[in-house]
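Please look over the sequence and the structure shown here, and then read the notes on a sheet and a pocket that follow.

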Amino acid sequence: MGKTFAEKALARAAGVAEVRPGEIVDVYPDLYMSHMASWRCIRTMEKLGTDKIYDVDRIAMVMDHISPAQTAKTADDQRLCREFAARNGIKKFYDVNAGIAHVVLTEEGFIRPGMVIIGTDSHTTIYGALGAFGTGVGFSELTAAWVTGKLWMKVPLSVKVVIEGPLARGVSSKDVMLKLIGDLTADGATYCSVEFHGSYSEGLSVSDRMTLCNLAMELGAKNGFVRPDEITRSYLAERGVAPDRYSEIHPDADAVYAKSATIDGRTLAPQIACPHTVDNVKPIDQVVGTKVNQVFIGSCANAKYEDLAEAAKILKGRKIASGVRLLVSPASKEIVARIVKDGIYSILLEAGALITNPGCSACAGDGGVMADGEVTLSTANRNFQGRMGSYKAEIYLGSPAVAAATAIKGFIADPREFL
Amino acid sequence: MSEKIGGKVIKFGNSVDTDVIIPGRYLVSIDPQELGKHAFEPLGPEVQKRLWSSQVVVAGSNLGCGSAREQAASCLIGAGIKAVVAKSFSRVFFRNCINTGLPAIECAEAAEAVADGGELWIDLEGGIVEAQGKSFRFAPYPQSLKQILDAGGLISYLAKYVLPQQQALKRS
Ligand code: SF4
């Protein structure tokens, strides 16, 4: 019987020949990512009364959720992390200027095929974009991994998602995922490993693969996965990671899946997730015209270079509607440098955008919050009640192209009329 | 006969998310007592008052979906909750419950049967939930998870069992 990606990846990290779905195994992850939660891990370690770290080189810390600090308390928490990193010789420490952890660590070449990665963030699933097994854990568990090197994991069942492309005009990886989440619901893949197959995911850019695997979380997934290929290898090579520094893991052709789903991207229209759940998804024509106060282009789901370029294509030479705020938060410092260099930064500014420093920004409620009764169209991955300010505000989710069209019109708008 | 945990129930629907359980703005704290004051704040003061006088949170499917924030579990402990029972859990929330020492029971029938404001008691050893005068079975925890729960959470478990062992190994 063939094996899925998750079965092979966890068997390797557990140091055993094979594992079966449902089995609980002790896994030694290759990388432990912690973001703003890092200070909680450090405090937990103090409580444990130990300063022994299993393998300092597996720790990566990124100060992303609140950057820069807004209160003395946060400044103190961040200082704690900085000092801890310096004292323990943590080389993969990224301060408040770096951007969103997931994107920063990917760009730095730390995410490689076949790795098992845990992170104090549910969207750690994103690392499947490069063929790694990424999954979210709480801060106590991450601390435990710092100290003992391992944690328990239940071997997941796998779900096979087949996406057929090429996508229809004006449709993106975000629309594909919203459609899938709407179809399967927010617990459609709970505890499962979601593998993306089909003609669309083959040949797809790493940026789009990140969007797929990031949003797999909103199906309840344990991890996401796109098969590594030439695109993965050349992305890594550009970042100085030669093929002999990783070993790819591919699912067997006869692997067993708990269920499968198919999305036909060729006939898809842009999709919108309506308040207050990510699976409350409607095709755009059902929500066109909904008035917005703010548009947010940001988050680990959709603030990568390609996402900003997509929005800029529509915003070029146009102005955003009066009375609407357009907030753009690039995902990383590297992306800021790129958009400054190739003119996208000016296009966004001239259209009327407020461009923030890189980081989680409004997605984490760090700035860009809303007043009672306000509405935001966001490119992020969550629209939960109260996530961006007032509990009485509403968040709609859409693609970068939808965001750009919406900012111009002042209400939810179909990007296809601008293309 | 093992000890039972439980008490008065506050009942919610499906897909109650982490941002509703504890809004992101309060994650600057890791003190369960402090967090407990803000648990379920987006749903308003009436719900919060009922939460504080309850001992069991019952919900439908996908309880705790969303963020990996561990405070979604610890805030409930701070609010005086002794156990959570649901049709199903999101995986990170389930882990966080076990790791903070909060029993999380997957038992669809019990979650369905019990009334809001009613009583529910859990026999963890026996794998039985009692509610509305009926008993419902659930699959007891595997040994590895049970040890963590019994110790009062992952960190206490490490402090009590794992670290002393590591130190003993080093000494020998
Ligand atoms: S951008 Fe949003 S979803 Fe991504 S890590 Fe930051 S807060 Fe989480």
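Two strands are said to pair if DSSP finds at least two bridges between them, and the elements themselves are DSSP runs, numbered from the N terminus, with helices (H or I) of at least four residues and strands (E) of at least two. This is a predicted model, in which local features need pLDDT of at least 70 and side-chain atom pairs count only at pLDDT 80 or more, while totals for chains, interfaces and linings use all residues. Residues are numbered from 1 along each chain as its sequence is written, chains are lettered from A and ligands numbered from 1 in the order in which they are written, and side-chain values use heavy atoms, with hydrogens and water left out.

**The sheet**
- In chain A, four strands with parallel pairing form an open sheet in the order β10-β9-β8-β11, and its edge strands, β10 (223–226) and β11 (259–264), each pair on one side only.
- Strands β8 (residues 158–164) and β9 (residues 193–197) of chain A run parallel and are joined by five bridges, with A:Val159 standing opposite A:Val194.

**The helices on the sheet**
- Helix α6 (residues 173–184) of chain A packs on the sheet and touches β8, β9 and β11 of chain A, where contact means heavy atoms within 4.5 Å.
- Helix α7 (residues 206–216) of chain A also packs on the sheet, touching β8, β9 and β10 of chain A.

**The lining of the largest pocket**
- The lining residues divide into 19 nonpolar, 18 polar and 11 charged, where Ala, Val, Leu, Ile, Met, Phe, Trp, Tyr, Cys and Pro count as nonpolar, Asp, Glu, Lys and Arg as charged, and the others, Gly among them, as polar.
- A pocket is an open set of points on a 1 Å grid over the protein atoms alone, where a 1.4 Å probe fits, with protein on both sides within 12 Å along at least five of seven lines, and lining residues have an atom within 4 Å of a point.

Key
Axes are lines fitted to C-alpha atoms, for helices over the stretch in contact, and angles run from 0 to 180 degrees between N-to-C directions.
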